[in-house]
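Subject: Structure for your review

Dear colleague,

Please find the structure below, handed over for your own work. My findings follow it.

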Amino acid sequence: MYVKEALMSSKPTRRTFLKGTAATAALAAVGTCSLGAWQAQRAEAADDSAKAQGPSLCNGCSSKCGLIATTLGGRLWTVEGMEAHPYSKGTLCGRGHGAAQWAYSDGRLTQPMKRQNDGSFAPISWDDAFAEIGAKVQEIIAEAGPEALAVIQDPRPSGKYYSKRFMNALGSANVYTHAAACNLSKESGIQEATGATNFSVDFANTKMVVFIGRSYGDGIRPSSVKSLAGAADAGARVVIVDPRLNNTGIFATDWVPIKPGCDIALLLGIANVLVTRDLYDHEFVEQSCTGFPEFAAQVAEYTPEWAEGVCDVPADTIVELAESLAAAAPACAIEPSWRAAFGCAYQNSFETARAVCAVNALLGCWGQKGGALITSSPKAGDLDPVKFPKVPEPAAKRVGDEEYPLALAGTGTNLAVLNGCNDGTVQGVFFYNSNAVQGYAQPAMWRVAVVAAKLVVAIDVQMSETALASHYVLPECTVLERFELPEFIGGKKHFAALRTPIIERVHPDTKSCDEIFTGLAEACGVGQYFPFTVEELAEAQLATVGTSVEAVREAGIVELADPGFAFGTPVFKTPTEKFQFTSAKVAEAGLNPVIGYVPRLVEPAEDEFYLVGGKQGIHSHTMTLNLEALNAISREYGLERLWMAAADAAELGIADGDTVELSSSEHTGTVTVKVTERLKPGVLFMPTHYGSTSPYLTRAQGFGLNMMDFVPLHLEPAVGSTMSQEVAVKVRKVEG
Amino acid sequence: MTRYGMLINTKKCVGCYACRVACQMVNGLAPEESFIAFNEVEQGAYPNVYAEVVPVQCMHCEDAPCEAVCPTHATYTTDSGVVLVDEGKCIGCKYCMAACPYGARVQIEETGVIEKCRFCWYEGEPGNPPRCVNTCISGARIFGDLDDPESEICREIARTNAQPLAGDLTAAKIYYVR
């Protein structure tokens, strides 16, 4: 049950209630509130019938943690983490609490908008917007075929289903996620080595874990933080490899500052020690791996001394880490990471992910207690083909798949759309819950690209930079105002959860994802593939896994059939059915099939710095910047500041709080500096997501800098990731 | 007697601000108003650095200086040791703000009342636990009865040798592990 005694026994205060109802908003607006009126309202608020609770899934980031929302008189009051949800485990992070208030944000889109010839936006009715978009889509299909259409979406439960079905129904395979600017390289690399796209560390039993750039304390999922806190409490050795002592440092036993983009050298140095000193798991390597002899021959070159020369971690440290890992094996692992240092950051990110897997293989920790676990995920089974008609397979291959064959099939590389707009192969683009223009690569280049397209449609809750660059902007209702398809959650156990409406739609002219795509489909002449409601589809999907909408709504989350996870060497679902130190697919892509060294692309000149970016716990890239509660934190604590090492600041005569000009080959901007001992000299750290340019996002616009403005546009070979940290910058003090 | 207090373990705090925003929501605070302030402390020099986030809020002092200076007795202490503000009596004079050595008093723009953390006190009892404790993602906060030696908070204070933030500056009822 999700109802908590504590919450039910609590009563709102005067101010809570004053803010808590729409009726009193009018009173507050005129600045008076009589004692009598207040007492009457308080009596109403104290009446439990005005209080209601319901479960949903957070939309503060893509973790989609379970939450329980409490409303007073129909208005959201509080949220708390769902106990039974494996990601929230009873708590929500700051971002979760802030994002829950989205419905009331003043930065929301409230009606469909159409861009005018002068670049401004004017309201348009849903009917007209759908009709005009439909006509344009037909025109593009007639002239260039359906393969000239594309959709880019940051996956959400309904969005990933509806956007793909819509595009496929039109006859296009061009469906992309945000991954090329997130975790594409990491997941593609892990897949080439293990057959799975991700793995997890068994924190409950681990003796030693090494984080490469990732920070659970900055890119937060509550369950991850709890797991790590538990491991630290139990005495596990926690090593953080990062040029910056990040906010996970509080749990760390070791901070290993490293040259940005050179983590691969450290990993190969560790592998060298494990192989050449015979510290690796022979049984695992001989029975469950392919390509070890080739790897061992190649890794002989990557001595700790060589690695030190590349990544600036002392050879002694590398040897000590390798020996300690070997001693802890198999109850140890290199953590898989996410976006961080090799999700999409460098020319060698894909290869870094493979190197992480290789070290874990040498340690023999795959599937072992305390090691690296590959688990499974549930999914809905086949549905009634009459009620949910199958969409024919599009004839043409997805744009970009040929040039970037190593990109994960489920995500593709969305930057193929940018290139496609430029060369005319893509003429119509839909964005769902995606601020690609601001966050996925050079914003200036994205703008040039989408201007070339005949039709650009953005579906969002706010006027993002992508929406600003679109012809039509379709407003979605916010997370607690909508029902979505079930979310299936994998791991040692399987679950299904749902977003259910907690509050009435604040702006009645907004629509949910399913309503928008169904409307678009009908307008585009493919409505026959959408003859069902989202509730019907959810019911049918849940029935295939043995539960129902009612059951999930009642409990908040439902555990599904036990997948039967057991410790032990996993089945590697690679083409060779073994762990792959070498990959035929990588060879076909023209790269070294054997896991080995690839340098970073951009090296700073003498007077330049490395620039690394990173998330902050209260924000999800550009999405949450304008939210009142979260923006206030950024401003109060100066979270937009550029971090500079104290030694560098002293040399340049820069003091904490000074304003500096930051410039790269692409962009120049000014920002306040935070001088710190928590950073490797020669490296600057910038929170990646600030610097909004949308005048509709009043409190985010012009606050801080957007890292992607500084990074030249180039794609990781064969993978297609955005190489978000391949940049060198100059910095100089200016008058603030 | 029951004497409520809190323990904050900064060795578990990643600075996610969940406590701040959850507190704002339950108390109906504006985005810029917060009962919890965060102090980032950095010690040492690269690469031997220790960094921590120290959340600070009303310490519910036994000898609360804010209560002593309040000219209207709007600030008072409950029998269970929770320092509260009677909104009806507060005249917004800000003596309490000046007197509080922790800077924990906050003027609410909408009402003019000088408010603060109240351990989520609503109808004659503190929250159980208060929202900041309830939502802490790493279990860095513990709430309970300081007079009950068997309580989780007392056991943790003893085990970790947790101390008030500023020695005997006041008789604070929030203990820190640092």
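The notes below cover conventions, the contact between the chains, a helix pair, the nonpolar core and some backbone features.

This is a predicted model, in which local features need pLDDT of at least 70 and side-chain atom pairs count only at pLDDT 80 or more, while totals for chains, interfaces and linings use all residues. Residues are numbered from 1 along each chain as its sequence is written, and chains are lettered from A and ligands numbered from 1 in the order in which they are written.

**Contact between the chains.** Chain B contributes 42 residues and chain A 47 residues to the contact (two residues are in contact if their C-beta atoms, placed from the backbone, lie within 7 Å). On the side of chain B, helix 1 (18–27), strand 2 (37–45) and strand 3 (48–56) each supply at least two residues; helices (H or I, at least four residues) and strands (E, at least two) are DSSP runs, numbered from the N terminus. Helix 1 of chain B gives the largest share, 8 residues.

A:Pro257 touches B:Pro47, as well as A:Pro243 and A:Lys680, not counting residues up to four places away in sequence. A:Pro257 sits in the loop between strand 11 (254–256) and helix 10 (263–276) of chain A. With 22 other C-beta atoms within 10 Å, A:Pro257 is buried (20 or more such atoms; 12 or fewer is exposed, and in between is partly exposed).

**Helix pair.** Helix 10 and helix 14 (residues 315–328) of chain A pack at about 60°, with their axes 9 Å apart; axes are lines fitted to C-alpha atoms over the stretch in contact, and angles run from 0 to 180 degrees between N-to-C directions.

**Nonpolar core.** A:Ile270 is also among the residues that touch the most other members of the largest nonpolar core, which has 292 residues. Such a core is a set of buried Ala, Val, Leu, Ile, Met, Phe, Trp, Tyr and Cys residues joined through C-beta atoms within 7 Å.

**Backbone features.** Two peptide bonds are of note: A:Ala329 to A:Pro330 is cis, with omega near 5°, and B:Asn128 to B:Pro129 is cis, with omega near -5°. A:Ala340, although not a glycine, has a positive phi of about 30°, and A:Ala340 is buried, with 27 C-beta neighbours inside 10 Å. B:His60, also not a glycine, has a positive phi of about 50°.

Yours sincerely
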